[in-house]
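Colleague: Could you walk me through this one? I'd like to begin with the ligands and then move on to the protein itself.
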Amino acid sequence: MTVLTLSSSRDPKEADMARIWTEPNFLVPWTVNLDVGLLVQADCIASLWQKRTYDRLKLHLPKQFCQLPKLPFPEHFPEYPTKNQFIEYLESYAKHFDINPQFNKCVQSAKYDEACRLWRVKTVSTSDSTRSEVEYICQSLVVATGDNAERVMPEIEGLQEFGGEVMHACDYKSGEKYHGKKVLVVGCGNSGMEVSLDLCNHNAKPSMVVRSSVHVLPREIFGKSTFLLATLMMKWLPLWMVDKLLLILAWLILGKIDNYGLKRPSVGPLELKNTQGKTPVLDIGALEKIRSGDIAVVPAIKRFFPGMVELVNGEKLEMDSVVLATGYRSNVPYWLQVRKFVLSLFILYPLLPFGL
Ligand SMILES: NC(=O)C1=CN([C@@H]2O[C@H](COP(=O)(O)OP(=O)(O)OC[C@H]3O[C@@H](n4cnc5c(N)ncnc54)[C@H](OP(=O)(O)O)[C@@H]3O)[C@@H](O)[C@H]2O)C=CC1
Ligand SMILES: O=C(O)C(=O)Cc1c[nH]c2ccccc12
């Protein structure tokens, strides 16, 4: 195994800082006047956006909440940029600040060496068939691998024998090829809702599995983004009151969602986000399709049979395909070797109030 300081492939002086990223969480280059190296698992920047998103995806928060420091989105971008606009922005950001990551470097482990007072970051090259291992050393390590690094694949009885196409939402691109097909969408987070809507728009027949409860909020309230309103309200009001107001406004705009097989959690949307990390669904049209019956809402899955799913209520439905919109998890616990307490801070980080 080769041992390098993080910057040595570009400049053989000692590295002061490593940045590791797989998500578009660029770190501010001007905050550190140090030698910086950036390791990226994929062969491009923002790989989750480039490779694991569907065609019609748009940001669901207004652009001012999604831009990176010192370089705003272009003026002509819409309020909710498309996936391609977002990728274009990230690429121009990297170019503008001359950020040159080392691609195809998958971090296997990162451990702080107390004796040397340095981080040891072991990587394996993912670019070619020959496995080359390199260990980088650096004084500081910044982890920016995000909460969505790994897909969550549920183990459901009989899924192996289902026989039809089964994919995770991260591999879903468009509903085009599902015209007239019955598709079971498992999960009702923002992915499940948006995939179901896209399927509907392509004349497929989606059934969406809702096994527990979900907060659906309008993306906008009286022309202002719900996220912005929540942020503003949180400046003056306690969280429980903001939650109550959000739910009243959601009821005024969307009506009672319970009528359509959806159930709201007993705790409010912001409290749920802060305590369990569960994001509210920001509705962009799926609710209308649920109301019209174009998206069927079905209860939890009991098991699969060939070409069929059995639900917990005993109902059996024939299906052509299954899209698992069952969410994501961080991969940090697999490679960051720190004390459990420190690791728990990383895991709990997404539960901290989201800019509110
Ligand atoms: N336009 C945008 O900006 C979009 C943003 N996003 C964001 O990406 C992140 C990930 O969202 P998403 O991919 O929806 O993941 P989530 O984790 O938010 O949702 C996962 C869903 O899958 C359900 N689920 C998990 N396992 C099972 C199972 N075995 N059977 C039935 N249901 C199951 C969960 O139900 P339960 O609650 O019962 O566990 C939940 O409804 C979020 O932050 C979201 O806001 C996603 C899509 C679009
Ligand atoms: O899109 C996400 O992942 C979010 O976390 C959005 C979000 C967090 N808290 C909220 C409260 C109201 C509306 C959107 C959000």
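Colleague: Which residues are around ligand 2?

Modeller: Bearing in mind that this is a predicted model, the residues around ligand 2 are His60, Phe227, Leu270, Lys273, Thr279, Pro280 and Leu282. The protein covers 89% of the 360 Å² of accessible area that ligand 2 has on its own.

Colleague: And how does that shell divide by class?

Modeller: The shell of ligand 2 has 4 nonpolar, 2 polar and 1 charged residues.

Colleague: Which side chains have an N or O atom close to an oxygen of ligand 2?

Modeller: An N or O atom in the side chain of His60 is 2.7 Å from an oxygen atom of ligand 2, and for the side chain of Lys273 the corresponding distance to an oxygen atom of ligand 2 is 3.1 Å.

Colleague: OK, over to ligand 1. Which residues come nearest there?

Modeller: There are 19 residues around ligand 1, of which Lys58, Ser191, Arg211, Ser212 and Lys278 come nearest. By class, the shell of ligand 1 divides into 6 nonpolar, 9 polar and 4 charged residues, and its largest share, 3 residues, comes from H3.

Colleague: What polar atoms of the protein lie by the nitrogen atoms of ligand 1?

Modeller: A backbone N or O atom of Lys58 lies 2.8 Å from a nitrogen atom of ligand 1, while a polar side-chain atom of Glu194 lies 3.2 Å from a nitrogen atom of ligand 1. On the oxygen side, an N or O atom in the side chain of Lys278 is 2.6 Å from an oxygen atom of ligand 1. Of the 920 Å² of accessible area that ligand 1 has on its own, the protein covers 77%.

Colleague: Changing topic, which residues of H5 are buried?

Modeller: Helix H5 spans residues 239-254, and within H5 the residues Val242, Asp243, Leu246, Leu249, Ala250 and Leu254 are buried. They lie on the same side of H5, because they cover an arc of only 130° around the axis.

Colleague: Then what does the face turned away from that buried side carry?

Modeller: That face of H5 carries the exposed residues Trp240, Lys244, Trp251 and Leu252.

Colleague: One last thing, the backbone: where is Asp98, and what is its phi?

Modeller: Asp98 is found in the loop between helix H2 (83-96) and strand E4 (105-113), and its phi is near 55°, a positive value in a residue other than glycine. Asp98 is also exposed, with a relative accessible area of 58%. Asn203 likewise is not a glycine and has a positive phi, of about 60°, and its place is in the loop between helix H3 (190-201) and strand E11 (205-209).

Note on methods: Residues numbered from 1 in each chain as written. Chains lettered and ligands numbered in written order. Predicted model: local features only at pLDDT ≥ 70, side-chain atom pairs only at ≥ 80, totals over all residues. Heavy atoms only, no water. Near = heavy atom within 4 Å. Polar contact = N/O pair within 3.5 Å; in protein donor to acceptor, adjacent residues only side chain to side chain. Areas by Shrake-Rupley, 256 points an atom, 1.4 Å probe, with all protein chains shown as cover. Nonpolar A, V, L, I, M, F, W, Y, C, P; charged D, E, K, R; others polar. Helix = DSSP H or I, 4+ residues; strand = E, 2+ residues; numbered from the N terminus. Expected span 1.5 Å × (residues − 1). Buried < 20%, exposed > 50% of the residue type's maximum accessible area, 1.4 Å probe, protein only. Arc of directions from axis to C-beta.
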